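Please look through the sequence and the model below before reading on. The report is meant for someone meeting this structure for the first time.

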Amino acid sequence: QVQLVESGGGLVQAGGSLRLSCAASGRTLSRYRIGWFRQAPGKEREFVADIKWSDDSTSYADPVKGRFTISRDAAKNTVYLQMNSLKPDDTAVYSCAARTLFTPQYNYWGQGTQVTVSS
């Protein structure tokens, strides 16, 4: 079992920045990918970014490339999502999730944190 707890959401004006944190516990993460997803009202959940714990390789969804950066702090067992140049379309509940390198689906999820970007 992997437990995930997000923090750092809030209200920000368009063009501003926020940093989300995802604190992980319960398992050694060397064989995991940690991802960020978001779900806006009335929309399906969508992938934002993820990171492979063992080598820091990352991937991003096209809408956030160049604006968001995912990173990790091994000492704190925490993954961050730095979000810059925020737009109202980025408004959503952001959740972090974990999966092993051997499974295609994310099967451990945090509770989510609200990000609201005002115009």
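What follows describes strands, a disulfide and aromatic contacts, in that order.

This is a predicted model, in which local features need pLDDT of at least 70 and side-chain atom pairs count only at pLDDT 80 or more, while totals for chains, interfaces and linings use all residues. Residues are numbered from 1 along each chain as its sequence is written, and side-chain values use heavy atoms, with hydrogens and water left out.

Strands here are DSSP runs of E with at least two residues, numbered from the N terminus, and two strands are said to pair if DSSP finds at least two bridges between them. Strand E9 covers residues 92-100 and is mostly covered, since eight of its nine residues are buried; buried means under 20% relative accessible area, exposed means over 50%, and partly exposed lies in between, with a 1.4 Å probe and protein chains only.

| Partner of E9 | Bridges | Bridge partners |
|---|---|---|
| E4 (residues 32-39) | eight bridges | Phe 37 and Ser 95 |
| E10 (residues 108-109) | two bridges | Ala 98 and Tyr 108 |

**The open sheet and the disulfide**

Four strands form an open sheet in the order E1-E3-E8-E7, with antiparallel pairing. Its edge strands are E1 (3-7) and E7 (68-73), each of which pairs on one side only, and the twist averages 20 degrees from one strand to the next, where axes are lines fitted to C-alpha atoms and angles run from 0 to 180 degrees between N-to-C directions. Within this sheet, E1 and E3 pair over five bridges in the antiparallel sense, and Glu 6 stands opposite Cys 22 in E3.

Cys 22 also takes part in a disulfide with Cys 96, with an S to S distance of 2.1 Å; a disulfide is counted when two cysteine sulfur atoms lie within 2.5 Å. A search of the whole structure finds one disulfide. This pair links distant parts of the chain, as Cys 22 lies in strand E3 (residues 18-25) and Cys 96 in strand E9, 74 residues apart. The torsion about the S-S bond of Cys 22 and Cys 96 is about 70 degrees, and the disulfide is therefore right-handed. Both Cys 22 and Cys 96 are buried.

**Aromatic rings and charges**

Rings of Phe, Tyr and Trp (its six-membered ring) pair if their centres lie within 6.5 Å, and planes under 30 degrees apart count as stacked, over 60 as edge-to-face and the rest as tilted. The structure holds four aromatic pairs. In the pair of Phe 37 and Trp 109, the ring centres are 5.0 Å apart and the planes stand at 55 degrees, so this pair is tilted. Phe 37 in strand E4 and Trp 109 in strand E10 are 72 residues apart, and the pair links distant parts of the chain. Phe 37 counts as buried because its relative accessibility is 11%, whereas Trp 109, at 30%, counts as partly exposed. One aromatic cluster is formed by Phe 37, Phe 47, Tyr 106 and Trp 109.

A charge sits over a ring if NZ of Lys or CZ of Arg is within 6 Å of the ring centre and within 35 degrees of the ring normal. The charged end of Arg 99 sits over the ring of Tyr 106, at 5.4 Å from its centre, and Arg 72 lies over the face of Trp 53, at 4.9 Å from the ring centre.
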